[in-house]
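Good morning, and thank you for coming.

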Amino acid sequence: MREQIDGKAIETIVETIEVASLLGRVSALRAAGWRIVQILGISTDATIELSYSFGLGHEMRVFRFNAAGEVSVPSITPIFPGAYLYENELRDLFGVQIQCISVDWLGKVYDVAADRPFSRIKVTLPSSEGGRP
Amino acid sequence: MSASIEHAAVVRRAPGPTTIPFGPQHPVLPEPLHFDLVLEDEKVVGVVPQVGYIHRGLELLIDKRDFPDYVHVAERICGICSFMHGMGYCESVEGLFATIVPDRARWLRTFWCELERVQSHLLWLGLAADALGFENLFMATWRARELVVDVAEETAGGRVIFGSAIVGGVSRDPDDETLKRCLAAMRDVRAETLRLADVMIREPTVRHRLDGVGTLSHDDAYILGAVGPMLRASGHDYDVRSRNYAAYGEIEWKSVVETAGDSMARALVRIREIEQSFAILDRVVATMPAGPVSVPVRGMPPKGESWVRLEQPRGEVLYYVRSNGTRQLERFRVRTPTFANIPAMVAAFKGSSLADVPTIALTIDPCISCTER
Amino acid sequence: MSTLEKSPWLIHYDASSCNGCDIEVLACLTPVYDAERFGCIVTGDPKQADILLVTGSVNNLNEPVLKNIYEQMPEPRAVVAIGACAYSGGVFADCYNVKGGIAKVIPVDVFVPGCAARPEAILDGVVRAAGLLAERRRAMGRGKRGTVTEGEAS
């Protein structure tokens with residue numbers, strides 16, 4: 001992945017990791033002084049790709065894995081307590097199974113009109129027109 | 001009939017936590033911000049933010065529009081930082097194409113960014129004054145702000161939604177004479193702003209409500225992921241403008257840092273940034289290069305992904321786009337500053353008294369429309 | 001001229017707007033545009049308000065809030081829908097969480113155009129709504145209820 005600054009692309013380290021190693025990798029980053037920047041979800045027909053971005057000064061690192069289906073993702077709120085909004089959003093909008101979020105809206109963070117509107121996974125979407133009346 | 005009443009024991013409620021709602025329709029904020037405050041007596045012990053009143057799901061519109069047309073949606077993520085949202089989207093798409101924007105366009109983008117920062121911080125100063133019960137300062141600040149908005153309208157074409165960012169540059173090219181005239185008009189605003197800000201920070205009743213209130217510690221601000229004035233008021237020197245996007249690499253400026261971490265520190269950071277932004281505007285106009293203001297961006301975006309970070313009035317914002325090689329991009333994501341600041345805002349509320357909640361909320365300068373998208 | 005026409009009190013609700021129109025509503029109240037010269041004051045209490053200014057479009061969450069505010073306002077009342085979103089959803093009409101204009105939930109009297117609506121247009125909308133209020137007041141019949149006729153007063 002590259003970041004753009006006026007034509008000068010800056011490479012960022014993107015690592016594809018296993019879900020099981022997520023907490024360990026994130027703790028190591030926190031211990032090294034990194035801060036959380038964002039958690040991003042992208043859905044295709046078959047996958048929901050999660051990208052966890054962390055920043056230190058101008059540097060950025062990204063951990064990436066597929067969380068579609070029954071994959072159970074541990075919450076990183078014990079390490080970065082401010083991550084709860086991102087995780088609630090991912091669960092409500094994409095249907096990612098994130099476990100034990102410290103502040104939990106139980107599927108109602110935005111209270112949206114559609115079920116998992118950001119997910120494009122064909123099998124699990126109940127109907128093509130989610131909730132727009 | 002009355003038996004149950006006669007036999008009911010009247011128990012004085014044991015002291016314990018009480019939950020009260022704050023918002024969504026609250027006079028202090030023009031936007032629906034809603035918290036459930038958990039109180040012990042007058043002291044706030046817990047806060048649960050309730051969002052969703054403004055959620056539109058605009059990120060999903062990305063595959064319904066051609067990529068050059070999505071700028072209109074991106075600008076309307078939030079009316080206060082409209083130009084920067086449009087520009088952030090454009091820069092991320094330019095990243096996909098590896099387009100190099102002409103120099104004059106970079107300078108004009110910097111000009112409008114700083115104009116927007118002045119406008120936004122003045123808006124904040126007015127609302128904060130109003131929340132403190134300082135109504136004539138609110139009115140005076142907004143009168144000064146109108147002159148800045150007039151400059152935006154004259155140079156960019158819009159008062160709140162600037163509408164001048166396009167993929168490949170900017171759509172308007174105000175001539176140097178217009179820019180110099182606008183700067184001259186803004187000298188008065190600059191003097192007036194300094195005077196008003198001085199009134200605000202010297203006033204004992206204001207200091208009483210801001211000094212030592214809503215303190216966010218140095219470590220908490222960082223770990224909770226705070227950005228912008230919120231992070232800098234707690235002593236971190238982190239301003240994304242130092243990444244030298246647009247023309248910031250060629251123009252002298254310095255990030256504003258305070259160390260106290262309380263409401264006053266956040267107010268001071270913004271007040272000093274207004275002054276700084278006026279200085280940057282002067283330098284931008286003085287060094288503005290001549291030349292074209294846009295390059296054509298044609299064809300299909302190449303497959304790939306790209307992201308951009310900018311410093312908005314409220315802090316670091318991150319734009320991400322991914323293309324699958326068609327005119328409609330696959331994914332657009334914006335992580336806005338208030339979204340990142342909410343956990344830190346909750347931390348700042350804890351331990352304060354109920355009466356301070358509205359003023360602390362305002363020193364964070366929340367933008368709910370950004371947050372919920 | 002009734003007092004309502006002379007000094008309508010406003011209440012503003014932001015229903016999923018991008019803030020653009022909200023800023024302009026605030027700009028209307030401040031010295032350059034100065035809606036207060038028409039006797040307008042912004043109140044946070046729906047029971048004291050005559051004109052409801054709504055920006056943005058309706059979704060599931062804010063629909064009951066909007067209805068609630070409208071129903072608490074005393075008759076006669078008027079609703080001004082500000083901006084393209086309040087009319088149809090505007091640029092966000094295709095979003096899944098946008099139900100459409102506010103006329104789907106409450107009756108609207110004046111639509112103010114623009115994205116974002118200009119302060120001049122908003123002022124015009126408020127003045128028109130004030131005229132409507134006066135008409136409605138007359139149509140309701142003055143002095144039927146709650147007023148004291150001569151003789152009873154002493």
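Let me start with a definition: two strands are said to pair if DSSP finds at least two bridges between them. Helices (H or I, at least four residues) and strands (E, at least two) are themselves DSSP runs, numbered from the N terminus. What you see is a predicted model, in which local features need pLDDT of at least 70 and side-chain atom pairs count only at pLDDT 80 or more, while totals for chains, interfaces and linings use all residues. Residues are numbered from 1 along each chain as its sequence is written, and chains are lettered from A and ligands numbered from 1 in the order in which they are written.

I turn to chain A. Chain A has two helices and eight strands, and along the sequence these follow the pattern β-β-β-α-β-β-β-β-α-β. A residue is called buried if 20 or more other C-beta atoms lie within 10 Å of its own, exposed if 12 or fewer, and partly exposed in between, with C-beta atoms placed from the backbone. By that rule, 43% of the 133 residues of chain A count as buried. Two residues are in contact if their C-beta atoms, placed from the backbone, lie within 7 Å. Among contacts in chain A between residues at least 6 apart in sequence, 49% join residues at least 24 apart.

Which strands pair with strand 5 of chain A? One is strand 4 of chain A, residues 35-43, which pairs with strand 5 in the antiparallel sense over eight bridges. Here Ile39(A) stands opposite Tyr52(A) of strand 5, and a hairpin of four residues joins strand 4 to strand 5 of chain A. The other is strand 6 of chain A, residues 59-66, again antiparallel to strand 5 over eight bridges. On this side Leu50(A) is opposite Phe65(A) of strand 6. The hairpin between strand 5 and strand 6 of chain A has two residues between the strands, and Gly57(A) in the turn has a positive phi of about 60°. As a general point, side chains in a regular strand alternate between the two faces of the sheet.

Next, chain B, and a pair of helices. Two packed helices are described by the angle between their axes and the distance between the axes. Helix 4 of chain B, residues 103-131, packs against helix 5 of chain B, residues 135-155, at an angle of about 165°, with the axes 8 Å apart. Axes are lines fitted to C-alpha atoms, for helices over the stretch in contact, and angles run from 0 to 180 degrees between N-to-C directions. The two helices are therefore roughly antiparallel, a term for angles over 145 degrees. The residues of their contact divide into 14 nonpolar, three polar and three charged. In this count Ala, Val, Leu, Ile, Met, Phe, Trp, Tyr, Cys and Pro are nonpolar, Asp, Glu, Lys and Arg are charged, and the others, Gly among them, are polar.

Ala98(B) lies in the loop between helix 3, residues 82-97, and helix 4 of chain B. Its phi is near 55°, a positive value in a residue other than glycine. Is Ala98(B) buried or partly exposed? Ala98(B) counts as partly exposed, because it has 14 C-beta neighbours inside 10 Å.

Asn19(C) counts as buried, because 28 C-beta neighbours lie inside 10 Å.

Chain C also holds cis peptide bonds. One joins Glu75(C) and Pro76(C), with omega about -10°, and Pro76(C) is in the loop between helix 3 (62-72) and strand 4 (78-82) of chain C. Another runs from Cys115(C) to Ala116(C), with omega near -5°; Ala116(C) is in the loop between strand 5 (110-112) and helix 5 (119-140) of chain C.

Finally, the interface. In chain C, 31 residues are in contact with 34 residues of chain B. Helix 2 of chain C gives the most to the side of chain C that touches chain B, with six residues. The residues of that side divide into 17 nonpolar, nine polar and five charged.

Terms used. Angles under 35 degrees count as roughly parallel, over 145 as roughly antiparallel, 65 to 115 as roughly perpendicular and the rest as oblique.
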